[in-house]
Amino acid sequence: LEDQLLFLTVRLERPDLARTKSELIQQQNEFKLKLADLEVYLLERLAASEGDILDDIDLIEGLEDAKLTSDEVKEKVKVAQETEAKINETSESYRPTAERV
C-alpha cells in the first residue's frame with residue numbers, strides 16, 4: 001500500500017518522473033520483445049540452413065545484423081536502467097509523504 005501511495009504522490013508532485021518511468025517500462029518491454037524476435041529469427045534460419053552454415057551468406061549477414069541489434073538493445077537497456085535508478089532515488093524523497101497518508 002505504501003508503494004502505491006508513493007507512486008500516486010510522485011505522479012501528483014512530479015508527473016514528469018512518473019511519465020518517464022512509465023515510458024522506460026514500456027521501452028524495456030519493447031526491448032525484450034525485440035530480443036525474443038531476434039532469437040526466433042536466428043533459430044529459424046539455423047534450422048532451415050542446409051549444408052555448411054558458413055556458406056550461407058544470408059545467414060551470416062543475418063547473424064551480424066542480429067548481433068548489432070542485440071548490442072544496441074543492451075546499451076539502451078543499460079541507459080534505461082540508470083535512468084530508472086535515478087527516478088527511483090528521486091521518488092524515495094517522497095516516501096515520508098506516502099507514509100503519512
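## Largest pocket

In this predicted model, the largest pocket holds about 170 Å³ of space. Residues of three elements each contribute two or more times to its lining, namely α1 (2–13), α2 (15–48) and α3 (57–92). Of these, α1 supplies the largest share of the lining, with 5 residues.

The lining of the largest pocket comprises 13 residues. Those that lie nearest the centre of the pocket are Leu6, Phe7, Lys21, Asn88 and Ser91. Sorted by class, the lining contains 6 nonpolar, 2 polar and 5 charged residues.

## Packing of α2 and α3

The axes of α2 and α3 come within 9 Å of each other and cross at roughly 160°. An angle over 145 degrees counts as roughly antiparallel, and α2 and α3 are therefore roughly antiparallel to each other. The crossing in which α2 passes α3 is left-handed.

What is the residue composition of the contact of α2 with α3? The contact divides into 15 nonpolar, 10 polar and 6 charged residues.

## Secondary structure

The chain contains 4 helices and 0 strands. Read from the N terminus on, its elements follow the order α-α-α-α.

## Overall dimensions

Taken along the principal axes, the C-alpha atoms of the chain fill a box of roughly 70 × 20 × 15 Å.

How does the radius of gyration of the chain stand against what a compact globule of 101 residues would have? For such a globule the value would be near 13 Å, but the chain has 21 Å.

Conventions
Residues are numbered from 1 along each chain as its sequence is written. This is a predicted model: local features need pLDDT of at least 70, side-chain atom pairs count only at pLDDT 80 or more; totals for chains, interfaces and linings use all residues. Side-chain values use heavy atoms; hydrogens and water are left out. On a 1 Å grid over the protein atoms alone, a cavity is a set of points where a 1.4 Å probe fits but cannot get out, and a pocket is an open set with protein on both sides within 12 Å along at least five of seven lines; lining residues have an atom within 4 Å of a point. Grid points are joined across faces, edges and corners, and a volume is the space filled by probe spheres set on the points. Ala, Val, Leu, Ile, Met, Phe, Trp, Tyr, Cys and Pro count as nonpolar, Asp, Glu, Lys and Arg as charged, and the others, Gly among them, as polar. Axes are lines fitted to C-alpha atoms, for helices over the stretch in contact, and angles run from 0 to 180 degrees between N-to-C directions. Angles under 35 degrees count as roughly parallel, over 145 as roughly antiparallel, 65 to 115 as roughly perpendicular and the rest as oblique. A crossing is left-handed if the near helix is turned anticlockwise from the far one by less than a right angle, and right-handed if clockwise. The radius of gyration is taken over C-alpha atoms; the globule rule is 2.2 Å times the number of residues to the power 0.38.
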